[in-house]
Amino acid sequence: MGTSVFYFVATLSIIFSLMVIFSKNPIHSVLYLILTFFTFTVHYVLLNAQFLAVVNFIVYMGAIMVLFLFVLMLLNLNKENEPNKSALVKILGVIAGGCLLVTLVGSFKAVSINSPLVLQNPNLGLVKNLGKELFGPFMLPFELSSILLLTAMVGAVLLTKKEEKANG
Amino acid sequence: MDINFVIEKFLLVTILFSISLVIAMYSTYAERKVAAFLQDRLGPDRAGPFGILQPLADGLKMFMKEEIIPSNASKWLFMVGPGLAMLCACIGTAVIPWGQDLTINGRAVPLQVTDINVGVLYLFGVVSLGVYGVMIGGWASNNKYSLLSAIRAASQNISYEVAMGLSIIALLLMTNTLSLKEIVAQQHGWHWNVLYQPLGFLIFMICSFAETNRAPFDLPECETELIGGYHTEYSSMKLGFYLFAEYINMFVSSAVMATLYFGGYNYPWMDTVAGLVSPNTAALIGTVVLFIKIFAFIFFFMWVRWTIPRFRYDQLMNLGWKGLIPLAIANIIITGIVIAVVNKF
């Protein structure tokens, strides 16, 4: 049953992510992206990673996507005032996308050669075990990434402050 | 799968769903009666004795009204909006423990739909999802006022979610678990979390007011500035769903506050009472106590609504970012230090 659910949800993920690209209206795009993230949450639940699932739910679906939607509603983009993209930009986009595709296919090929990854502990995704791992063996990278986020936050605040002074 | 298990969960879900709807229905009546009481009026008194049939009359009216979908609205999303608001309001009740286990024919029946080990985070996720109903509905209406209201709702929810999450962290430092069942079990008798986390409770409560869009935080539907806010273009039962979702949200957040901070189904001298009556009766008394707490919170929500005027938008943002978030962080630090000191000695 687990496999069939996986294939069903995986198909949905692919369909929704394609809809993100193909829908003309930016708001519809973001709504499809929210659905895509929801299917990811289901994937995490299927992998028995409850904590990751619920955090993905809160952070990506509940916070980041609300901000995306918020910004898009503020900008109020629609077809009429969409800037015309030149042919050069379109070609560059195609090249960049193609490069990404080649890289991804290459890396997936490398993965399939190795033996499939087997988790030693199927309950690793539960909140207690994950916490012990994060604050034990992976303490340094965890703290470093939090400092990175803090730097980004302070930088963003600083940028808005400077602009205010220049205006006033 | 065990057939008894399926039946018991099905019954529990059905009962919870109907209780939420009935309580939401009678909250509209209670709101008008409380408003009348606070303003020295009578309130609704025509339909039935003391007007207790008023919610039924209102519901019927909502169903019979003409349904209008604006011609330039995004039709599909216009319909999704109220549905999403109702869905997010209703799924929160799934993880709340409504009482101690009942024993029926030798089977322990938990009065909780599911005890997931990330229960608190699940509730938090449901709360953060709740804003989509307002945002999608407001945007799909294709109305400037609705759009402004949707934007307001988004920024307000995001801002107060941060403080809410931080206030919960201080609580979790003490409980050491994310399972609501265990959090309630730890508050046996008088050991309610509000006694240990008064500041955390205050922040959590203020944030619940903001997350449910209740006065004084009802800026998304501020009549003086935005006509009706996100539901300006809505009519008939779609409008009814939006209004209904607000009352269900109020019920769920009252239940969450009672569960996290006010001991859930626990009450003082419960062990003495449990000694006198059968275990099942004792569990049901606990459930009744929980509902009394919930009703007290709902009354408090209404009391505040008819007492305190609405915030201005900059006041709202200042309170959230400059008032509540630093307070919540200070609360976490103090709780951490106290726990470290207590564990040391």
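The model is a predicted one. Residues 138-159 are one of the stretches of chain A that UniProt, in an unreviewed entry, lists as "transmembrane region"; the others in that record are 6-23, 30-47, 53-75 and 87-108. Residues 53-75 of chain A are 100% helix and 0% strand, with 31 Å between the end C-alpha atoms.

Chain A as a whole has 6 helices and 0 strands, in the order α-α-α-α-α-α along the sequence. Of its 168 residues, 15% count as buried. Among the contacts in chain A with a separation of 6 or more, 55% join residues 24 or more positions apart.

## Helix α2 of chain A

Helix α2 of chain A covers residues 26-46, and its 21 residues should span 30 Å at 1.5 Å a residue; the end C-alpha atoms are 30 Å apart, so the two values agree. The buried residues of α2(A) are Ile27(A), Leu31(A), Leu33(A), Ile34(A), Thr36(A), Phe37(A), Phe38(A), Phe40(A) and Thr41(A). The cover over these buried residues includes α1 (2-22) and α3 (50-75) of chain A, together with α5 of chain B. After α2(A) comes Asn48(A), with a positive phi near 65°.

## Chain B overall

Chain B has 14 helices and 2 strands. A compact globule of 345 residues would have a radius of gyration near 20 Å, and the 21 Å of chain B agrees with that. The C-alpha trace of chain B spans about 65 × 50 × 50 Å along its principal axes. Buried residues make up 45% of the 345 residues. Of the contacts in chain B with a separation of 6 or more, 80% are between residues 24 or more positions apart.

For chain B, an unreviewed UniProt entry gives "transmembrane region" at residues 6-26, 76-99, 119-140, 160-178, 190-210, 239-262, 282-304 and 324-342. Two of these stretches can be set side by side. Residues 160-178 of chain B are 84% helix and 0% strand, with the end C-alpha atoms 21 Å apart. Residues 324-342 of chain B are 100% helix and 0% strand, and their end C-alpha atoms lie 26 Å apart.

## Contact between the chains

On the chain B side, 21 residues are in contact with 17 residues of chain A. The elements of chain B that give two or more residues to this side are α4 (119-129), α5 (131-140) and α6 (144-175). Of these, α6(B) gives the most, with 8 residues. By type, the residues on this side of chain B are 15 nonpolar, 5 polar and 1 charged.

## The nonpolar core

The largest nonpolar core has 110 residues, and the members that touch the most others are Val54(A), Met135(B), Ala150(B), Ala154(B), Cys207(B), Ile248(B) and Phe251(B). Ile248(B) is in contact with Ser20(B), Ala24(B), Ala89(B) and Cys90(B), leaving aside its neighbours within four places in sequence.

## Loop residues of chain B

Gly130(B) lies in the loop between α4 and α5 of chain B. Gly130(B) counts as buried because 26 C-beta neighbours lie inside 10 Å, where the cut-off is 20 or more. Not counting residues up to four places away in sequence, Gly130(B) touches Cys88(B), Ala89(B) and Asn249(B). Between the C-alpha atoms of Gly130(B) and Asn331(B), which are 201 residues apart along the chain, the separation is 27 Å.

Most residues other than glycine have a negative phi. Phe50(B) has a positive phi near 55° and is not a glycine; Asn213(B), also not a glycine, has a positive phi of about 55°. Phe50(B) sits in the loop between α1 (3-38) and α2 (54-64) of chain B, while Asn213(B) sits in the loop between α9 (198-211) and α10 (223-226) of chain B.

Key: Residues are numbered from 1 along each chain as its sequence is written. Chains are lettered from A and ligands numbered from 1 in the order in which they are written. This is a predicted model: local features need pLDDT of at least 70, side-chain atom pairs count only at pLDDT 80 or more; totals for chains, interfaces and linings use all residues. Two residues are in contact if their C-beta atoms, placed from the backbone, lie within 7 Å. Helices (H or I, at least four residues) and strands (E, at least two) are DSSP runs, numbered from the N terminus. Ala, Val, Leu, Ile, Met, Phe, Trp, Tyr, Cys and Pro count as nonpolar, Asp, Glu, Lys and Arg as charged, and the others, Gly among them, as polar. A nonpolar core is a set of buried Ala, Val, Leu, Ile, Met, Phe, Trp, Tyr and Cys residues joined through C-beta atoms within 7 Å. A residue is buried if 20 or more other C-beta atoms lie within 10 Å of its own, exposed if 12 or fewer, and partly exposed in between; C-beta atoms are placed from the backbone. UniProt positions are given in the numbering used here, feature names are shortened, and annotations may be inferred rather than shown by experiment. The expected span of a helix is 1.5 Å times one less than its number of residues. The radius of gyration is taken over C-alpha atoms; the globule rule is 2.2 Å times the number of residues to the power 0.38.
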